[in-house]
Amino acid sequence: MRGKRVAVCQAWHTLAAALGVATCLSYLLAYTPLKKRTVWATFIGAFPGAIPPMIGWVAATGSLDRGAWLLFAILFFWQFPHFHAIAWMYREDYARAGILMLPVVEPDGRVTGQQIIVYTLMLLPVSLLPKSL
């Protein structure tokens with residue numbers, strides 16, 4: 001019985017480690033270089049930004065089940081209002097650094113505001129879903 005438990009724990013650790021590696025690689029190889037090339041970097045970066053809670057879920061439960069995906073979805077949708085609001089406040093600094101955040105390339109703020117509202121409206125129902133678990 002002990003050997004089976006050890007094998008199951010090793011599988012959990014392997015899955016958690018694989019998620020960690022995927023997070024690091026996608027952050028370093030996709031998100032980081034895209035920041036100076038496209039406003040889509042925020043969308044691409046939301047994926048590695050939302051994976052860490054999944055790693056914790058797998059480490060704690062041993063599964064990548066609905067709860068892990070709900071945590072991913074909550075953090076994924078949260079990132080857009082969060083980063084767009086920060087980028088709006090510091091758009092001049094981002095522009096000087098050559099980082100193509102939406103408020104830098106769209107200085108009147110109309111699309112930025114729309115995206116904040118849309119993603120917030122998507123976040124609200126998703127954030128209530130864990131109650132149904």
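How are α4 and α7 oriented to each other? They are roughly antiparallel (an angle over 145 degrees).

## Basis of the model

This is a predicted model, in which local features need pLDDT of at least 70 and side-chain atom pairs count only at pLDDT 80 or more, while totals for chains, interfaces and linings use all residues. Residues are numbered from 1 along each chain as its sequence is written, and side-chain values use heavy atoms, without hydrogens and water.

## Helices α4 and α7

Helix α4 covers residues 66-89 and helix α7 residues 110-128 (helices are DSSP runs of H or I, at least four residues, numbered from the N terminus). Their axes, lines fitted to C-alpha atoms over the stretch in contact, come within 8 Å and cross at roughly 155°, on a scale from 0 to 180 degrees between N-to-C directions.

Contact means heavy atoms within 4.5 Å. Residues including F77, F80 and H84 of α4 and Y119, M122 and L123 of α7 make the contact between these helices. F77 is in contact with Y119, M122, L123 and V126, leaving aside neighbours within four places in sequence.

## Residue T42

T42 lies in helix α2, residues 41-50. T42 is buried (under 20% relative accessible area), because its relative accessible area is 10%.

Apart from neighbours within four places in sequence, T42 is in contact with Y31, F80, F83, H84 and M101. The C-alpha atoms of T42 and F80 are 7.5 Å apart, although 38 residues separate the two in sequence.

Technical notes:
Helix = DSSP H or I, 4+ residues; strand = E, 2+ residues; numbered from the N terminus. Buried < 20%, exposed > 50% of the residue type's maximum accessible area, 1.4 Å probe, protein only. Parallel < 35°, antiparallel > 145°, perpendicular 65-115°, else oblique.
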